[in-house]
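Subject: Structure handover

Hello,

Here is the structure I promised to pass on. Please open it alongside this note.

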Amino acid sequence: ITLCIEEICTHLQKGNAFFSQLILMRSTRERIVTTFLALLELIKQQQVVCRQENVFEDIQIFWVSTSYN
């Protein structure tokens, strides 16, 4: 999960993203779950904020931290 967190941080520091963009290259169920768990950890650390406008819509992810712990 640590490697995935680093990948997400690198991606988000370039700009906001959607969850679907993060899992685009992660074709296996394991990689998708790992990405989701990494995202939950980043939310817990208050490094990202997520928003979903409606049920079943894509989740938008916003980078709010100035550094990665």
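Below is what I found, taken topic by topic.

First, a caution: this is a predicted model.

Nonpolar core

The largest nonpolar core has 14 residues. Ile8, Leu12, Leu42, Val48 and Ile61 touch the most other members. Four elements each supply at least two residues of this core: helix 1, helix 2 (19–23), helix 3 and strand 3 (60–63). Helix 1 gives the most, with five residues.

Take a look at Ile61. Setting aside residues up to four places away in sequence, Ile61 touches Leu12, Asn16, Ala17, Phe18, Phe19, Leu22, Leu39, Val48, Val49 and Cys50. Two residues on that list, Leu12 and Val48, are also among the core members that touch the most others.

Aromatic pair

How many aromatic pairs are there? The count comes to one. The partners are Phe19 and Phe36, in an edge-to-face arrangement. Their rings sit 6.0 Å apart, centre to centre, with 85° between the planes. An angle over 60 degrees counts as edge-to-face, so the 85° of this pair qualifies. The pair links distant parts of the chain. Phe19 is in helix 2 and Phe36 in helix 3, 17 residues apart.

Phe36 is partly exposed, with a relative accessible area of 37%.

Nonpolar surface patch

Together with Ile1, Val33, Leu37, Leu40 and Ile43, Phe36 makes a nonpolar patch of about 490 Å². A residue needs over 30% relative accessible area to join a patch, and Phe36 has 37%. So Phe36, which lies in helix 3, takes part in both the aromatic pair and the patch.

Salt bridges

There are three salt bridges.

Arg31 pairs with Glu7, and the closest N and O atoms are 3.9 Å apart. Arg31 lies in helix 3 (residues 29–44) and Glu7 in helix 1 (residues 2–12), so this bridge ties together parts that are 24 residues apart in sequence. Both ends are partly exposed: Arg31 at 36% relative accessibility, Glu7 at 31%.

Glu41 pairs with Lys44, again with the closest N and O atoms 3.9 Å apart. Glu41 and Lys44 both lie in helix 3. They are three residues apart, about one turn of the helix. Glu41 is partly exposed, with a relative accessible area of 25%. Lys44 is exposed, at 64%. The cut-off for exposed is over 50%, so Lys44 passes it at 64%.

Glu53 pairs with Arg51, the closest N and O atoms being 3.8 Å apart. Glu53 is exposed, with a relative accessible area of 55%. Arg51 counts as partly exposed, at 47% relative accessibility.

Where to look

Arg31 and Glu7 join helix 3 to helix 1. Phe19 and Phe36 join helix 2 to helix 3. Then turn to the core, where helix 1, helix 2, helix 3 and strand 3 each supply at least two residues.

Best wishes

Key: Residues numbered from 1 in each chain as written. Predicted model: local features only at pLDDT ≥ 70, side-chain atom pairs only at ≥ 80, totals over all residues. Heavy atoms only, no water. Salt bridge = Lys/Arg side-chain N within 4 Å of Asp/Glu carboxyl O. Buried < 20%, exposed > 50% of the residue type's maximum accessible area, 1.4 Å probe, protein only. Core = buried A, V, L, I, M, F, W, Y, C linked by side-chain atoms within 4.5 Å. Contact = heavy atoms within 4.5 Å. Patch = residues over 30% accessible without salt bridge, like charges linked within 9 Å, V, L, I, M, F, W, Y side chains within 5 Å. Areas by Shrake-Rupley, 256 points an atom, 1.4 Å probe, with all protein chains shown as cover. Phe/Tyr/Trp six-rings, centres within 6.5 Å; stacked < 30°, edge-to-face > 60°.
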